[in-house]
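Trainee: Could we go through this structure together? I would like to begin with a contact between the chains.

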Amino acid sequence: MMRLMNLLMLSCRKATELMEKKNRAPLKALETLQLFMHTRMCDACTQYEKQSHFIDNLLKKQGNTPDNLQSPQKTLSDEAKALIIRELEKM
Amino acid sequence: MEINTELDKHRVFTQWVNLFGDALYSWAFHKISDEALAQDLVQETFVAAYQNLANFKEASSPKTWLFGILKNKIIDHYRFRAKRQSISMDSFDEPTGWFDENDQWKKENRPQPWSTADEHLLDNPEFEIILGHCLGNLPLSWSACVQLKYLGEKETEEICQHLNITASNLWQILHRAKLHLRNCLEKNWFKA
């Protein structure tokens, strides 16, 4: 029984690693079971998993080219625009 | 839009710089967190567009086309950075150590619930600044891998694989980067 428990027990480090690995490739059956058991029992890793997804979504969204970017939050100065136009005129 | 003469070309590009310059610059700044560099990349984008106008298909919108060019410029930037900077990850990771000797969360590093986490946060300029700051705190080679991955660059795996001996897989690099990002966002935004 102890041996079985040891086999199924993951550390938090390992559990959070597996969450990232899962994003890349399917986990082995044992890994899936281990991760399930761990997150059932560990509040901190449950939070971590949620937050990890949240960060993934943020960065993914930020990575999309914003075709429908509402309003640009930063503006290029008039000098900078003039500089680009001058640069193009040289060509 | 007819572009027959050099004069037409200049007129069109002047219009594009004025119409799309801010949007391109905003996005480049989000991705790079450096004003001067973002400005350079926007300029390079217009120069490349000017030289390759023949590739512009009238079917796509100029804005989409310009964003595509800018995206490649940003990917090139991070690709170069990832290759150049192969510093040791361990020296960065271990002094603060997230986990104790049994590989369980250290008490002070245990993730806390985030009550205000929703995706509209990206529309909040103050949050953008914190996110940029947290990404900026990562070692250059890690943040390059994170950015390349989320820009959808297919060769990310290949580029990032040989950065370090102990973490030879992209997911291991991303795991470490995520631990830092998560903690940084929690300290500076959610629990600030």
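Trainee: What do the side chains of D56(A) and K178(B) form?
Mentor: They meet in a salt bridge, at 3.3 Å from N to O; the term requires a side-chain nitrogen of Lys or Arg within 4 Å of a carboxyl oxygen of Asp or Glu. This is a predicted model, in which local features need pLDDT of at least 70, side-chain atom pairs count only at pLDDT 80 or more, and totals for chains, interfaces and linings use all residues. Residues are numbered from 1 along each chain as its sequence is written, chains are lettered from A and ligands numbered from 1 in the order written, and side-chain values use heavy atoms, without hydrogens and water.

Trainee: How many salt bridges are there between chain B and chain A?
Mentor: The count is 5.

Trainee: And how much area do the two chains bury?
Mentor: About 5400 Å² between them, with 65% of it on carbon and sulfur atoms. Buried area is the accessible area (1.4 Å probe) lost on putting two parts together, summed over both.

Trainee: Changing topic, how do α6(B) and α8(B) pack?
Mentor: Their angle is about 105 degrees, with axes 10 Å apart. The two helices are therefore roughly perpendicular, a label for angles of 65 to 115 degrees.

Trainee: Which residues make that contact?
Mentor: Among them are W142(B) and Y150(B) of α6(B), and L170(B) and K178(B) of α8(B); contact means heavy atoms within 4.5 Å.

Definitions and conventions. Axes are lines fitted to C-alpha atoms, for helices over the stretch in contact, and angles run from 0 to 180 degrees between N-to-C directions. Helices (H or I, at least four residues) and strands (E, at least two) are DSSP runs, numbered from the N terminus. Angles under 35 degrees count as roughly parallel, over 145 as roughly antiparallel, 65 to 115 as roughly perpendicular and the rest as oblique.
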